[in-house]
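This report looks at how parts of a protein model meet, both between chains and within one chain. Please keep the structure in view while reading.

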Amino acid sequence: MNKHIKVLGMAAFAGAFSATAMADSLTVVSWGGAYTASQKSAYHDPWTKKTGDTIVNVDKAQAGLAGLRAQVEAGNVTWDLVDMLPSEAQIACDEGLVDIINHDQDLAASPDGVAPSKDFIAGSLSECFVPQIVYSNIIAFNTTMFSGKQPSTMKDVFDLKGFPGKRSLQKKPINNLEWALMADGVPTDKVYDMLRTEEGVNRAFAKLDTIKDNVIWWEEGAQPPQLLADKEVAFASGYNGRIFNAQVNEKQPFQIIWDAQVFEIDGWVVPKGKMSKVKAYLSFATDTQRLADQAKYISYGPARVSSAALVSTHATTGIDMKPHMPTYGPNFKTALHKNDEFWADHLDELTERFNAWLAR
Amino acid sequence: MREPLTSEVPREQAFVRFSNVQKSYDGEILVVKGFNLDIASGEFITLLGPSGSGKTTCLMMMAGFETPTHGDILLNGEPINTVPPHKRGIGMVFQNYALFPHMSVSENLAFPLEVRKLSAAETDRKVKRALEMVRLEDFGDRRPAQLSGGQQQRVALARALVFEPEIVLMDEPLGALDKNLREEMQYEIKRIHEDLGVTMIYVTHDQSEALTMSDRIAVFNDGIVQQLASPAVLYEQPDNAFVASFIGENNRLIGDVIELTEDCCKVRMESGAIIEALPVNVSAAGTRSTLSLRPERVTINPEANGLPNLFEARVIEVIYLGDHLRTRVAVCGNDEFIIKIPNAQTHPVLTRGQIITVGWAREDCRALDA
Amino acid sequence: MTGLAATSGNDLTTADGVPLKVSLSRAQRRNKIKAVLLVAPLFLFLLVAFILPIFDMLLRSIDSAEVVTHMPNTVRAISTWNGEGVPEEAVFAAAAQDLAAGSRARTIGKVASRLNYEIGGMRSLIMKTARKAKKLESGPYKAALIGMDKRWAKTDVWQLIKRESGSYTLSYYLAAVDHKYAADGSIEAKPENLQIYVNLFFRTMWMSGLITLLALLLGYPVAFLLATLPMRQSNLLMILVLLPFWTSLLVRTTTWIAILQSQGVLNDLAVWAGLITDENRLQLIYNKTGTVIAMTHILLPFMVLPLYSVMKTIPPTYMRAARSLGATGFTAFRRVYFPQTLSGIGAGSILVFILSIGYYITPALVGGQSGRFITNFVAYHMQQSLNWGLAAAIGSLLLATVIVFYLLYNRLVGVDNMKLG
């Protein structure tokens, strides 16, 4: 009857439902869809082939931190490895929900012997976190929705007159506030300074107000490609890999606007007490070859410098993956690096304000 | 008791008339097949029959809850087929009373008056009078569920009468009561009927109830009126085997007609015995016939000369019933033959296995259809 | 129960001299044990799956042990601070000690999360300082901490720590009704652009009311048909009514998306029929309309079934009796039939209403921004923001609302009159 009670009960007993982890089976929590599929092809399948261990995929990364907290509080941790954004990984680390990773000892060096701490993209490693990929939040559009001029910049996304149609954005303040400011003319390197001030936040919301009535808000990563394909919306924000997947594997007439992309890294955390169990797998899954392999299946850039050179072509269609990567030169010109510290501090209050704004 | 009316109402006097009414629910089976009935104003008519015989359907057509498939129902000479139930002004008492459970007794009684938009004072007066009529003056504030079955029955009666309808229909109204209460209510209904002079159409499957209360009874079977007559005529002069067996206790003797004259018909039993009977419903010699003989019309060890039918019988069973002795004998090949012997001072003492002579008059033995 | 013995003067005994009561209780003991054993599994299940979680929720909504547990020295030192200006050196020393210890034990993050709910930025202040405090070996700590981050010189930071140093707090409940503690400790409304929950509470209430009303209007005739049709037809109809029960909630909800979306079946039909032009397709989903339509459909059986079970017990003769007494069909319905269905209406309505204010999946999927319920924020704070205290406070308020409605219903209709089947 009362869902909230159920939720609470479920959180407390989450362990009971996913108690599938056996000695020779790893429970890996990730984002589902095309992304989990790429991990399966690049990491899981070779690992199973090599060791015989089975890997159970759980698509719960959306609520990864909540799940970790519930499991650690209940004293029954059933997840072995969780895919997480660095901002959440930092919180999990600060609260002691995950194990500390000693990168140079626990992970594999590059083939030519560069230690992991030097080989991963600078600044991407942290105490409890190993990055896998660089991905980007972008806005894509369905080319068949515009007969004349095609949109190409973030300004166009906020231009209802020039490019009419519904927009679909993620139902959270992250990215949307940055995009609103950039569309309003704020230079990339001033965005977070601006957002730290009351006026900057007001300005971002004022810009969002101009399209608010035409926005359909999404919550699951699988929704934007679907909304675009159904022509429910003309533009949709999304993860670049999912849009790539729709473009290449489903032959959808989508186009990505790389202008003002907000990129960040994504990686692994090891739930409390699980390090000894997953160490071998973690080392394998984050080595140079595996990270390069993942780029065959989805257009996310490998987080290791040594992997970049190995990125080649798409596994099934054979197209060149480089132009689809967020870090590809022309795509990267106006890119904004998501500021994790800013969001760790201000997510609570800005989400509150965002929700209040939504409800009005 | 008022004088039993003759079985025919002069046509110009008919207050209610069913004219060749037929009813089918499914288009395949007729549950009422050509029902004709004229009812005089103030008459107490009972529709009597086993369940499924079509009597309740006739009542529901009268009330307006069912529409005749064919034929007309006339009230005061006007056809009422198209008049909706609430405009017919007919009071009705239902089998389970149908007292509104969410209203008090008084509110139940006031309901028909309120929907007729009577003034509050008038309504109060009439409700009070109706409660007096059924002797429930002190029960006006109770809910129906707080009353006994008999009390509920009286409230239902009062409610059907409170708006002074010209006709009251009753659908097995006493069916849910125990025997004593049922008899008490029979007299109560009869009394009210006589006090008010209202026309009543009463449906029941209980023949003793019908005999007690009715001016005339229509015996239903299989969608057809088998006989329409006063209680005395029905009992003593049944027209056919169904009526004979349905009304009162009855000995049945089945055989072949071997000789048929105006006032006598001889019937041969399978045992070979030949019985003289009064021809009522036989067409010709050679046909089969059921002879009907009331158990109280059989004489035991009669004078040898008085009766045309004298047979030897063997006593099978004697049951003591207080006011009479119910005796089962085997006679003319029928060992279900019942004789009622009044428990008078001089009654013969019979024992099992005893051989006796039984006899009866020709007029008491009616030759009916097979 | 000794009254009987006292008044009668001597105990009643059985034939062999055992007191009657002893003998009786001995005879009944077996039955009692049997009854207890039969009920025990359900009772245990309810205890574990229902009562304990509710208790846990109520506790969480006021629990605020983070600061006092993980910064015990600071809490002790700050208790004597008068709340003005900046605390003295001893408080800073205690804080530095707690932060360093918490950083080593990796527990200080809990304090950071807790305080960040109250003032944005507290997370980074606590975490950064904690990391640096590990290297701090000697005082003066006041200058050192302010040197690390000048926010430590702000009065409201310390006021916050002092305010949240108890084991229990009301701040979750304040947040749940769009209020907060002002810097001086008084309670004030949040700025208008941060107010959200009170409006949502009322929206949830009136939309649930609307859904209940629609379910009643749609369900009443259906229940009436079900109760009066012959068995064969009514069985078929019953299957149609129950069909939603047998389909998963997600399937039903996504079906509504397919039907109602602007490129969906309904809009296509309307365009095809020429009722609307292709450019002016109706927005039937991702707003209040969508939520109301989908939830009415999903909750309809909960209205129909209680109504049906009540109507089934009303014999058709009541209506006939009313009509024979002179009432038109409408009057007979209004005065005789309808009043007898009130208990079913009450039961169905309270069931649908209570279920409705507790729903969150459907509003989340089809409600867009304007058709969301307060429960969506419970889910949000449970799963996304991880502010479980706030989620518990909102949940507790919802629970209280449901109880109030239940008591109100009991007062007006009487729970004894509720017929669920």
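A residue is called buried when its relative accessible area is under 20%, exposed when that area is over 50%, and partly exposed in between, using a 1.4 Å probe and protein chains only. Lys171(A) is buried, with a relative accessible area of 11%, whereas Glu219(A), at 36%, counts as partly exposed.

The model is a predicted one, so local features need pLDDT of at least 70 and side-chain atom pairs count only at pLDDT 80 or more, while totals for chains, interfaces and linings use all residues. Residues are numbered from 1 along each chain as its sequence is written, chains are lettered from A and ligands numbered from 1 in the order in which they are written, and side-chain values use heavy atoms, with hydrogens and water left out.

**Salt bridges**

Side chains of opposite charge can pair when their charged atoms come close. A salt bridge is here a side-chain nitrogen of Lys or Arg within 4 Å of a carboxyl oxygen of Asp or Glu, and the structure holds 51 of them over all chains.

| Pair | N to O distance |
|---|---|
| Glu73(A) and Arg60(C) | 2.8 Å |
| Glu219(A) and Lys171(A) | 3.6 Å |
| Lys190(C) and Glu352(A) | 2.6 Å |
| Glu164(B) and Lys126(B) | 3.6 Å |

In chain B, Glu164(B) lies in the loop between helix 4 (149-161) and strand 7 (167-171) and Lys126(B) in helix 3 (residues 120-133), so this pair ties together parts that are 38 residues apart in sequence. Helices (H or I, at least four residues) and strands (E, at least two) are DSSP runs, numbered from the N terminus. Glu164(B) is partly exposed at 46%, but Lys126(B) is buried at 12%. Both belong to a network of salt bridges that also links Glu122(B), Arg125(B) and Arg129(B).

**Chain A against chain C**

Taking contact to mean heavy atoms within 4.5 Å, 52 residues of chain A are in contact with 56 residues of chain C. The buried area, which is the accessible area (1.4 Å probe) that two parts lose on being put together, summed over both, is about 4800 Å² between these chains, and carbon and sulfur atoms give 55% of it. Four salt bridges are found across this interface. Lys190(C) and Glu352(A), which form a salt bridge, are both buried.

How many residue pairs are in polar contact between chain A and chain C? The count is 18, with both residues at pLDDT 80 or more, where a polar contact is a pair of N or O atoms within 3.5 Å; within protein, one must be able to donate a hydrogen and the other to accept it, and residues adjacent in sequence count only if both atoms are side-chain atoms. Helix 18 of chain A gives the most to the side of chain A that touches chain C, with 13 residues.

**The two domains of chain A**

Chain A is divided into domain 1 (12-134 + 265-332) and domain 2 (135-264 + 335-359), with bounds that come from an automatic or database domain assignment. Their centres, taken over C-alpha atoms, are separated by 26 Å, and their contact takes 26 residues from domain 1 and 21 residues from domain 2. The area buried between these domains is about 1900 Å². The count between them is zero salt bridges, whereas seven residue pairs are in polar contact, both residues being at pLDDT 80 or more.
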